[in-house]
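Please take a moment to look over the model below. We will walk through it together, one region at a time.

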Amino acid sequence: MNHFHPLSFEINGRPVTIDAPPVERLSTLLRDRLGLTGTKVGCDAGDCGACSVIIDGEVVCACLVPAASVQGARVQTVEGLANGTLSALQRSFLRHGAAQCGICTPGLLMTATTLLDRNRSPSEADVQDALGGVLCRCTGYRKIVRAVMDAFAEGQEEEEIAPGRAVGASPIRLDGERKVSGAEVFGADERPADALSVLVVRSPYWHATFEIGDTDEFLRAHPGIIAIFTAKDIPGRNRFGVIAPFADQPALAENRARFRGEAVALIAGERQAMMQVDPADFPITWRELPHALGIDEARASAPLHEDRPGNLLTQGFVASGKPDAALAAAHATVSGEVETSFVEHAYIEPEAGYAFMEGDTLVIKACTQAPYMDRDDTAAVLGLPPEKVRVVALATGGGFGSKLDVSLQPLVGLVALKTGRPAAIVYSRAESMRSTTKRHPARMKATIGADRNGRITGMIFEGDFNTGAYASWGPTVANRVPVHASGPYVTPNYRATARAIHTNGPIAGAFRGFGVPQATIMQETLYDRLADKLSIDRLEFRIRNALADGDRTTCGQLLSGGVGIRQCLKSLRPRWHKALAAAVEFNAQAQKLRWGVGVASCWYGCGNTSLPNPSTMKLGITRDARVVLHQGAVDIGQGANTVITQIAADALGLPLSAFTLLSPDTSITPDAGKTSASRQTYVSGKAAALAASQLREKILRHANVSDAAQLALDEECLVVSEGGVRRAIMLSQLPSEEDGYVFAAEASYDPPTSPLDENGQGVPYAVYGYGAQLVELEVDVTLGTVRLIRITAAHDVGRAINPLLAEGQIEGGIAQGIGLALMEEYVPGRTENLHDYLIPTIGDVPEIETILVEVPDPEGPFGAKGLGEHVLIPTAPAILNAIRHATGAEIRRVPATPARVLEAIHAAGRRQ
Amino acid sequence: MALRYAKPAGLEEALRLLKEDRWKILAGGTDFYPSLGDWPLRENVLDINGLAELRGIAETQTHLVIGARTTWTDVIYHPLPAAFDGLKLAAREVGSIQIQNRGTVAGNLGNASPAADGVPPLLTLDAQIELRMLGNMRRLPVSSFLLGNRETALAPGEMITGIRIPKAAVQGGSGFVKLGARRYLVISIAMAAARVVLAHGKIEDVALSVGACSAVAQRLRQLEEGLRGMEADRAASIISDYDFPELAPIDDVRGTAGYRRSAAREIVIRAFLQALERERGGLAA
């Protein structure tokens, strides 16, 4: 629809007249023609609600409204909510920590605004009914519900945080205001006016060879398209991968595509012309090859990669003691099998970004979890030295592991490098789902034995993980799973094997937990059966076997301190007994509904497994009396910007308000590693603490005072006080170092680990975090549907640097655990959208009570441990255990959809 | 070949345009845009959002008529007798509020998804689809209009102009039960609608239907026949014994055929009981 029609309407209270194609989506009109990028696009299909705006008082998805329909209408977007100051709802979102990554926040705010216009004090059910159409993948919705209910509640203004008291406080997140105002700049929110649009041609087949036809003719037939790029155009090594020795994925396939969705060519052209291009017209001839999507077929098929016979990518192994003998001699054993599905990260922001040349340096601005890894991989593919590539992290609208791998970075980089023009890509939802990584489907079996006192004597675990067509993080999953498959329990005799197997399925990579959530489903469901067999209360059974200070792990690692799993489990006791009693009472009356209670634990090593994993942090004090923190730890919503600054503030002894943050940019922030493996609070936090301590040391030395001195900033002065003596250092009078700081410091920290031997013995991690969750639910035994009633989550975080953000992590992780347990199943080729692929909505996450357990870790900054991944690990097994408690149904395949639950209920009935 | 766009201001003009060319009709947009996928537009677009006469619910001597542009939100907020409670319950389950504010009842029919939420309650209301082309108008019962998965009886040059509910069907209480794998914004695994009219504790009239368990949602005529004249309290056991020959469920990502068959029985009972409660208690939706 090329014709433009004149349109006049009102946008956020002011009249606007503009020419636009009448069928253009309103979301496009707002973002691309009016520059109102606060309205986000997550799916272009009405499935996610991110683009919600208000037209004449009614909330709609802007992606479904033709431009022509706003003629004469009043349109409100997030940019119109604040009127000089933030609206009550926006302030409430900040106060409650209701925005994490912020990509869904504008849609939620607009939708909630229409609710609050009619009802200033809505009930929880009102809020859920109103916001059911907006998906959030980070928060678990609980804080959103509270923020909307309390929007007009009085007397909840924020308290000032005293200097030195930032750790342990919950200040409003430092990047919060731009998330609720719509000002945050995500991958698709910025693009140079002269940027070329880039379309990626992808394989429609699981496995096929291809030949590219007459591209010159294609170019001639499509004015405005300026170039086609294929593998032949790649100047460097056409292989990338997050783990260098396994790097195997071409940025553009060479003549064979190994999975559906693999990139094979790029079409670059002027923006308007590209809007009319259908990639199906691209001249390419495909020849399908046999493919294998399942593990068994793949094991028997020709290898996808020549050097990987049997399609075995790699195998992880941990063994200690004599597991076979221990199980043979056990008083009781249980065995079982569990199968899990591909799980899609389903962040609401599809991958987006752009590249341009700055002199002879290629600059890439995109959403990411790992700017330095992006830089190095992109540089290698493009044949550039790493210092000639600069990666700037734009705000990332959710990552959860998938944005650790490069996606569009080498592609826009190639176009910018070859054409000299800026080049931009915004993935569609389908493209994002087809081409980026997933959680590994796992097929696991295990046997666990205990003695007559209910002590675990041994465990054998075996798991095959479908790693898809390329390596990605498959090796990490294979190595992490055997280390963690015992759960946080003393297991003296143990053998665990995890294999990563290539198939022609989607690439399975990193997803919150790296395989541990799958393995924990296996172990924790067996624990329930074993406790029942031994007639021991399921919670007490876990407490009895929980690791404690002084115990050794299955890797032989001595845990000298900071082990908090027992405290977590014990803190659940009161709720456990209450819930069990309530279930007994309910079930005595019920017919079609049954209540059940389940519990499960987690432990999780923070950082890389036995590999170097350093972070570097830098900060300085300027002549105009600001503390500038080079905060390179990417905040994908979890809160690193705030938490790392809180740590730095207290280590330095200056208030949070003194800090200015520089965002991740490989040209200005030192390498703080990747945002993964629950490492940022611990590893980057520790680096920040070290750097800030060094800076403090420099200042104290300069002022010639002891560590007891207090620091303050006052106009252009740094004020140092000790014992009633106050000395003002005139910063503006002092010389500055090369990057403009009067005082500066930089420090690195690398967790002390050691390599694992052939039996997996060693020190894989320096710090572990622990947790346990208790689920209460109701099963409809005639339909197999599950209604969650309440979840109680106890997590040992060592030290809660920011309790509100920690709760946000817990609630968000639980929501993803609920999805894993009950509804999320990515079926390649069939669920490439957000209506066939289901993630929890605001109505699917029950009340969550968080118990923050603080058993300080000797290594972590201020005693802190990682948390980000731990939080989703116990949820799914606790749900399955509660379903079994309610009905006797043993679920062997997740997600436990109504059909599977009903089948398991019937099978349990037959067993009796 | 330039694509055409037109936004007629009156029905006659719309019908004239429909006669002279092939068009894709754009109303609420809630199916139009998702069906574009990642591809550029390749059809002429007839935007009917200028046809004011097609929006709203009107009453004639014999019928209630839902105009083709009437949204689900319009249905929810329009005062209607209890026989429409099932349709209103279904309206609240169509996508989200965002979708209900734009999506139309007629579009739900025209899109002809086996899982269309509006179809089972419209079947229990004996709804007819009014179709017009230039110089001609015809009316088809829902069951004759919906021919299969994404397949309708709409002829070239024709458009849906309204949905007509005969007053004879505007009686009794009604209910609707949707079964999905999450709370909101979910495509049904199965759904059931019921409408029941009591006389002296007995079932005088009943209409039952099931969606998402066959290519097109089905009325359960044999079961209805078996229920007519029976004591209302016996209905659940009669439904339990019924073998649902109308259904032909499939296995898909949302559930197995076997599961759908067993779930259908349960939700028909629940929809019936809902309808019964409303008929007895006169509860408004």
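Predicted model: local features only at pLDDT ≥ 70, side-chain atom pairs only at ≥ 80, totals over all residues.

Find A:Ser535 in the loop between H15 and helix H16 (538–545) of chain A; helices are DSSP runs (H or I) of at least four residues and strands (E) of at least two, numbered from the N terminus. Phi of A:Ser535 is near 55 degrees, which is a positive value in a residue other than glycine. A:Ser535 has 9 other C-beta atoms within 10 Å and is therefore exposed.

Residues are numbered from 1 along each chain as its sequence is written, and chains are lettered from A and ligands numbered from 1 in the order in which they are written.

Now turn to A:Ser678, in the loop between strand E26 (659–662) and helix H20 (680–703) of chain A. Its phi is also a positive value in a residue other than glycine, near 50 degrees. Is A:Ser678 buried or exposed? A:Ser678 counts as buried because it has 28 C-beta neighbours inside 10 Å.

Another loop to visit runs between helix H22 (875–887) and helix H23 (898–911) of chain A and holds A:Pro895. A cis peptide bond, with omega about 0 degrees, joins A:Val894 to A:Pro895.

Next comes helix H14 (residues 474–484) of chain A: eleven of its eleven residues are buried, so the helix is largely enclosed by the rest of the structure. Among these buried residues are A:Gly474, A:Arg480 and A:His484. Their cover includes strand E12 (312–320), strand E21 (456–468) and helix H15 (516–533) of chain A.

Stepping back, chain A has 23 helices and 33 strands. Buried residues make up 63% of its 912 residues. Its C-alpha trace spans about 80 × 80 × 60 Å along the principal axes.

Finally, look at where the chains meet: 50 residues of chain A are in contact with 39 residues of chain B, contact being C-beta atoms, placed from the backbone, within 7 Å. Strand E4 (58–61), helix H13 (429–435) and H23 of chain A each supply at least two residues of the side of chain A that touches chain B. E4(A) gives the most, with four residues.

Methods
Buried ≥ 20, exposed ≤ 12 C-beta atoms within 10 Å, placed from the backbone. Contact = placed C-beta atoms within 7 Å.
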